[in-house]
Amino acid sequence: MTPSEVLAEIGGGLAYTTVMTTLSRLHDKGALDRRPAGRAYAYGLPGDPSAVQAVAVAQRMRRLLDAGQDRAGVLTRFVADLSPEDEQLVAQLVADLRADGHRDGDDVAETRE
Amino acid sequence: MTWLMWSPFVANVILAAAGPRLARTLPPRAAVRLVPLAMLAVALGVGFVLAVLGVFVVAQFPPIAVLAHWSPAALRADQPVPALAGVAGTVILLVLLGAALLRAARGGSDLVRAAVACRRLGPDADGLVVIDDDEPEAYAVPGLAGRIVVSTGMLNALGTDERHVLLAHEAAHLAGHHHVYIQLADLGAAANPLLRGTARSVRLAVERAADEAAAAEVGDRRLVARALARAGLAKAVARRRRQPQTRVVLAGADTSIMQRTTALLAPAPRPRRGLVAGLLLLTLVSVVGTGVTAHQTDDRLDRAATGATVAAGH
């Protein structure tokens with residue numbers, strides 16, 4: 001649906017730009033898919049409704065994690081954010097580990113332990 | 001034997017000082033299980049002794065003493081600490097109890113919310129939910145049937161073998177009920193602020209335990225280190241793409257990736273039976289001290305009650 005179709009559907013005194021902004025924000029959040037249609041975008045649901053819900057729930061949880069508000073420690077994240085100093089060290093580490101992997105391939109475990 | 005009454009306090013000071021180090025040195029699996037247990041035993045023990053001090057203060061109020069047939073004079077003569085210390089202990093106890101109750105309520109509601117989120121994430125038989133999102137992210141959501149949420153951004157950042165590491169890591173969190181141990185440790189820290197540092201180190205131990213479980217599953221510690229580093233880097237790159245100017249320290253930033261990769265590149269953790277025994281001893285001392293205090297308090301109140309009956313009888 002294009003913004004003008006949405007506007008016609010929901011009626012009310014909303015401005016075209018309001019509808020357009022809302023739709024594009026929903027798209028930014030991953031709740032809607034869109035493809036070009038003339039000079040505007042046509043929006044649609046990305047896949048089935050349960051997937052939309054899953055994405056919405058996941059987005060909420062990520063915001064919680066990003067804000068550091070998961071103080072109760074319910075969610076366990078694979079990796080937290082890196083500080084800029086650590087980023088340098090970790091980049092070096094990845095390079096080192098990858099070099100190792102290329103040099104002795106799959107025998108890393110045997111040759112090292 | 002009155003000195004045993006203070007043993008939970010001694011255990012408290014020792015755990016507050018040695019806890020963070022202990023949680024880092026113990027094998028992660030043992031640390032995750034035993035450190036929260038010791039924290040709770042110490043927090044409960046200290047809370048109980050403070051409550052006993054409070055009982056002696058409250059029991060001396062004439063209306064209560066009359067109702068319970070206690071002699072205020074006998075109580076005063078037999079109380080374990082001066083009245084002023086008793087009042088201070090009572091106030092501290094009430095504050096800590098309030099903090100612990102609030103923390104328990106928040107932890108409970110957060111667990112319920114996580115369980116609801118699990119259900120809404122969809123009925124995946126294997127518990128894996130892949131979210132179509134460029135932002136690299138991966139986490140475990142506990143619930144009756146827990147979920148592992150991974151974004152396509154994270155999957156694309158990792159090689160096939162590294163993806164196995166990621167899934168094994170998150171599955172270890174769910175299988176080990178790690179969220180429960182984090183909750184218990186945080187509850188202990190809320191009831192006893194001296195243990196905050198120890199609670200923080202329990203969180204690191206939880207990540208380490210999942211890393212070690214993943215390493216055991218894929219049979220290669222270096223591979224786990226590489227997956228961690230790669231995932232951390234992918235996150236940092238994505239963050240910079242989104243907010244090019246941000247150089248400030250982020251809310252979620254911590255040094256745990258470096259600590260975890262360093263530990264993985266070192267040899268596997270040793271059993272450390274001595275430290276485990278020490279930690280269990282600390283827990284036991286707290287429990288015994290609490291039990292002895294309960295017994296002594298009962299005796300003291302009995303003596304005060306006899307005094308009252310004798311006085312009334314003659």
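Guide: We can begin with a hairpin in chain A, formed by β1(A) and β2(A) with two residues between them, where A:Gly38 in the turn has a positive phi of about 70 degrees. Helices (H or I, at least four residues) and strands (E, at least two) are DSSP runs, numbered from the N terminus. This is a predicted model, in which local features need pLDDT of at least 70 and side-chain atom pairs count only at pLDDT 80 or more, while totals for chains, interfaces and linings use all residues. Residues are numbered from 1 along each chain as its sequence is written, and chains are lettered from A and ligands numbered from 1 in the order in which they are written.

Visitor: How many bridges join β1 to β2 in chain A?
Guide: Strands count as paired if DSSP finds at least two bridges between them. The strands, residues 33-37 and residues 40-44, run antiparallel, and the number of bridges that join them is five.

Visitor: In what order do the elements of chain A run?
Guide: The secondary structure of chain A comes to five helices and three strands. Read from the N terminus on, the order is α-α-β-β-α-β-α-α.

Visitor: Which element gives the largest share of the side of chain A that touches chain B?
Guide: Two residues are in contact if their C-beta atoms, placed from the backbone, lie within 7 Å, and the contact takes 36 residues from chain A and 56 residues from chain B. On the side of chain A, at least two residues each come from α3 (49-66), β3 (76-77), α4 (84-104) and α5 (108-112). The largest share, 10 residues, comes from α3(A).

Visitor: In which order do the strands of the open sheet of four strands stand?
Guide: Part of this sheet joins the chains, for two bridges link β3(A) to β2 (residues 138-141) of chain B in an antiparallel run, and A:Thr76 has B:Ala140 as its bridge partner. Within chain B, four bridges join β1(B) to β3(B), which run parallel, with B:Ile148 as the partner of B:Leu128. The pairing is mixed, and the order is β3(A)-β2(B)-β3(B)-β1(B).

Visitor: Why is one side of each edge strand left without a neighbour in the sheet, and which strands are these?
Guide: Each edge strand has a single partner strand, so one side of each is left without a neighbour in the sheet, and the strands in question are β3 of chain A and β1 of chain B.
The sheet also has a helix packed on it, touching β3 of chain A together with β2 and β3 of chain B, and this helix is α7 (residues 160-175) of chain B.

Visitor: Which residues form the covered face of β1 in chain B?
Guide: In a regular strand the side chains alternate between the two faces of the sheet. In β1 (residues 128-131) of chain B, the uncovered face has B:Leu128 and B:Val130, and the covered face has B:Val129 and B:Ile131.

Visitor: Is B:Gly146 buried or exposed?
Guide: B:Gly146 lies in the loop between β2 and β3 (147-151) of chain B, and, leaving out residues up to four places away in sequence, B:Gly146 touches B:Cys118, B:Gly127, B:Ala140, B:Val141 and B:Leu174. A residue is buried if 20 or more other C-beta atoms, placed from the backbone, lie within 10 Å of its own, exposed if 12 or fewer, and partly exposed in between. Because B:Gly146 has 21 C-beta neighbours inside 10 Å, B:Gly146 counts as buried.

Visitor: What percentage of the residues of chain B count as buried?
Guide: Chain B has 12 helices and three strands, and its C-alpha atoms fill a box of roughly 90 × 40 × 40 Å along the principal axes. Of its 314 residues, the share that count as buried is 44%.

How values were computed: Axes fitted to C-alpha atoms, helices over the stretch in contact; angles between N-to-C directions.
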